[in-house]
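Student: I have a structure to look at and a few quick questions. Can we go through it together?

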Amino acid sequence: MTTADDQSVGMDYLESFPRKFFRVYLPLGLIIFFLLFPFYWMAVATFKPDAEMYDYEKYNPFWIVHPTLEHIKKLFFDTDYPLWMWNTVIVSVSSTFISLFASVCAAYAIERLRYKGSRYVGLAIFLGYLVPPSILFIPLAAIVFQLGLFDGNLALILTYPTFLIPFCTWLLMGYFRTIPYELEECALIDGATRLQILMKITLPLSLPGVISAGIFAFTLSWNEFIYALTFISSSENKTIPVGAITELVNGDVYHWGALMAAALTGSVPVVILYSFFVEYYVSAMTGAVKE
Amino acid sequence: MAVMAESAVAQVKRSSLWTRAFESRNFLGAMFMVPAIAILILFLAYPLALGFWLGMTDTKIGGAGRYIGFQNFVSLSKDSVFWLSVFNTIFYTVAASAVKFAIGLYLALLLNERLPFKSMVRAIVLLPFVVPTVLSAIAFWWIYDSQFSIISWVLIKAGLITRYIDFLGDPWNARWSVVAANIWRGVPFVAITLLAGLQTISPSLYEAANLDGATNLQRFRHITLPMLSPIIAVVMTFSVLMTFTDFQLIYTITRGGPINSTHLMATLSFQRAITGGNLGEGAAISNAMIPFLVAAILLSFFGLQRSRWQQGGRD
């Protein structure tokens with residue numbers, strides 16, 4: 001990738017620095033400022049004592065004079081936040097693994113077993129990817145209620161795969177397609193079963209694809225909101241996004257400090273994971289669009 | 001003895017049937033598909049069909065409904081709040097998508113330049129897309145606060161305005177505010193996916209154009225845009241779909257207010273179905289979104305076909 005970049009701007013060195021500054025660095029800086037400012041603002045509000053937060057005359061709002069952990073302490077000890085965090089982790093991890101398992105099997109069958117009608121099934125799964133949760137949540141709520149799953153982690157663990165499986169399957173199909181057929185044929189001649197081929201040849205070779213799909217699926221389920229809002233009613237079963245919005249606002253009293261602390265600490269785990277796997281994340285995001 | 005021998009024979013026969021089945025692609029394929037298909041049928045296809053049915057009933061939460069035909073749609077067509085939500089959804093989608101495309105393409109072109117710390121810059125740019133939307137929307141809620149908005153404070157200090165702006169109290173202010181938050185969240189997705197498309201364009205095309213004396217604008221118009229158009233079609237379809245069905249930003253920042261002026265069809269259906277308990281009416285509102293979604297998908301599908309054909313690919 002880097003070599004292609006170097007070539008693509010072959011005559012770049014002819015440009016003087018001031019010119020490039022106004023053409024590239026300045027607009028880029030402005031856009032990045034716009035993109036990052038809300039995070040800065042979140043962090044400032046998290047560590048700012050109430051006295052400074054609501055007094056813009058005496059204190060400059062952009063800076064913290066006496067940083068405090070009061071809001072975070074309130075969030076962790078006076079609310080169900082630790083439970084929300086725990087639920088979010090459980091739900092995201094389980095639904096990601098369920099989806100990965102189902103998607104690996106499905107993608108392998110569609111792409112490599114080529115059973116009768118596999119192309120149509122592949123297309124149908126892609127269409128499933130285009131069905132947005134906001135038109136599914138009402139009937140799903142009725143189903144979840146009928147199955148007795150209402151207000152429990154299982155309701156989310158079983159429904160999140162509806163948007164994860166189509167995405168993961170589609171992505172993995174692309175990765176499996178790049179593995180040469182000859183490898184599988186050799187293994188078949190040597191007497192390997194299909195399951196052995198999948199476990200020992202196809203999966204190891206497409207590990208980057210599996211990691212990409214997993215990382216992306218995990219962040220998608222961590223961010224999910226509308227199902228969690230609809231299917232969960234008691235505070236101790238909520239996930240972070242739902243808990244923050246519904247439990248930290250008492251009527252007209254907004255606990256801005258605690259809200260911001262929840263927003264910040266709820267984002268940090270995904271951001272850390274993302275920072276370790278940026279390349280995988282990007283390839284998942286662009287791969288799903290490119291196919 | 002004889003019985004045992006018989007059962008042993010039967011076992012051999014059965015196992016050979018098993019092994020034969022496991023060599024058949026169709027049988028094996030079906031087995032491999034079971035987990036995915038089971039989940040997708042139970043929690044995707046079935047609810048989709050159930051949604052159509054619910055939209056034609058007067059189901060309430062906690063009670064069975066009866067079939068009432070198109071009555072939900074008839075009453076919705078006389079409901080000014082519903083039509084307001086349709087208007088809001090279209091305005092929100094068109095305004096946000098247009099700006100997201102413009103800024104996203106510009107940002108992609110900027111990121112395609114030779115830059116120091118390029119991969120780090122790209123990782124930072126994507127952050128708004130990675131962070132849970134609801135949590136970043138909380139930050140926007142605080143930025144738009146009527147008393148403590150930092151935007152108002154800065155503008156007052158700069159002497160541009162004299163009173164704090166009521167971002168979320170006035171209908172049009174609120175609409176533009178949520179559009180801005182949506183743009184903030186969507187630009188990284190558009191920019192990074194278009195950047196991936198830009199990186200596949202062969203540099204030799206630009207070199208040839210340079211030798212022929214093409215200007216920057218000409219190179220953009222006659223190389224970048226045509227080469228990028230297939231991926232633009234897909235990215236913008238996804239972006240439009242996500243914007244049109246958006247729920248999280250509105251629910252967090254305005255809950256549809258003030259006086260329903262930011263209600264989207266998704267938030268209105270949630271309000272009617274879950275908060276208000278009229279599952280049938282809510283499902284009818286969701287169903288009303290489907291024609292728009294199908295139109296968006298078809299548009300991009302045919303757009304894609306055309307551009308692929310233009311580049312000499314198969315139809």
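Student: At what angle do helix H15 of chain A and helix H7 of chain B pack?
Tutor: They pack at about 150 degrees, and their axes lie 8 Å apart. Axes here are lines fitted to C-alpha atoms, for helices over the stretch in contact, and angles run from 0 to 180 degrees between N-to-C directions. Helices (H or I, at least four residues) and strands (E, at least two) are DSSP runs, numbered from the N terminus.

Student: Before we go on, what sort of model is this?
Tutor: It is a predicted model: local features need pLDDT of at least 70, side-chain atom pairs count only at pLDDT 80 or more, and totals for chains, interfaces and linings use all residues. Residues are numbered from 1 along each chain as its sequence is written, while chains are lettered from A and ligands numbered from 1 in the order in which they are written.

Student: Back to that helix pair. Is the crossing of H15(A) and H7(B) left-handed or right-handed?
Tutor: Left-handed. That label applies if the near helix is turned anticlockwise from the far one by less than a right angle; clockwise would be right-handed.

Student: Which residues make the contact?
Tutor: H15(A) brings Trp256(A), Leu259(A), Met260(A), Ala263(A), Gly266(A) and Ser267(A). From H7(B) come Leu135(B), Ile138(B), Ala139(B) and Trp142(B). Two residues are in contact if their C-beta atoms, placed from the backbone, lie within 7 Å.

Student: And by class, what does the contact of H15(A) with H7(B) have?
Tutor: Eight nonpolar residues, two polar and no charged ones. Ala, Val, Leu, Ile, Met, Phe, Trp, Tyr, Cys and Pro count as nonpolar, Asp, Glu, Lys and Arg as charged, and the others, Gly among them, as polar.

Student: Zoom out. How many residues does each chain give to the contact between chain A and chain B?
Tutor: Chain B gives 74 and chain A gives 83. On the chain B side, helix H2 (residues 25-54) has the largest share, with 18 residues. That side has 55 nonpolar, 15 polar and four charged residues.

Student: What is the secondary structure of chain B?
Tutor: Chain B has 14 helices and zero strands. Of its 315 residues, 41% count as buried. Buried means that 20 or more other C-beta atoms lie within 10 Å of the residue's own; exposed means 12 or fewer, and partly exposed is in between, with C-beta atoms placed from the backbone.

Student: Now Ala258(A). Buried or exposed, and why?
Tutor: Ala258(A) counts as buried because it has 25 C-beta neighbours inside 10 Å. It is found in helix H15 of chain A.

Student: What does Ala258(A) touch?
Tutor: Leaving out residues up to four places away in sequence, Ala258(A) touches His71(A), Lys74(A), Leu75(A) and Leu248(A). Ala258(A) and Lys74(A) are 184 residues apart in sequence, and their C-alpha atoms are 6.9 Å apart in space.

Student: Where is Ile245(A)?
Tutor: Ile245(A) is in helix H14 (residues 240-247) of chain A. It counts as buried, because 24 C-beta neighbours are inside 10 Å. Not counting residues up to four places away in sequence, Ile245(A) touches Val134(B) and Thr252(B).

Student: New topic. What phi does Arg255(B) have?
Tutor: A positive one, about 55 degrees, although Arg255(B) is not a glycine. Arg255(B) is in the loop between helix H12 (248-253) and helix H13 (265-275) of chain B. It counts as partly exposed because it has 16 C-beta neighbours inside 10 Å.

Student: And what about the phi of Asn260(B)?
Tutor: Positive, about 65 degrees, and Asn260(B) is not a glycine. Asn260(B) is found in the loop between H12 and H13 of chain B. It is partly exposed, with 18 other C-beta atoms within 10 Å.

Student: Last one. Which residues of chain A does UniProt list for "transmembrane region"?
Tutor: The unreviewed UniProt entry lists several spans, including 154-176 and 256-282. UniProt positions are in the numbering used here, feature names are shortened, and annotations may be inferred rather than shown by experiment. In the model, residues 154-176 of chain A are 96% helix and 0% strand, with end C-alpha atoms 31 Å apart. For residues 256-282 of chain A, the end C-alpha atoms lie 33 Å apart, and the span is 96% helix and 0% strand.
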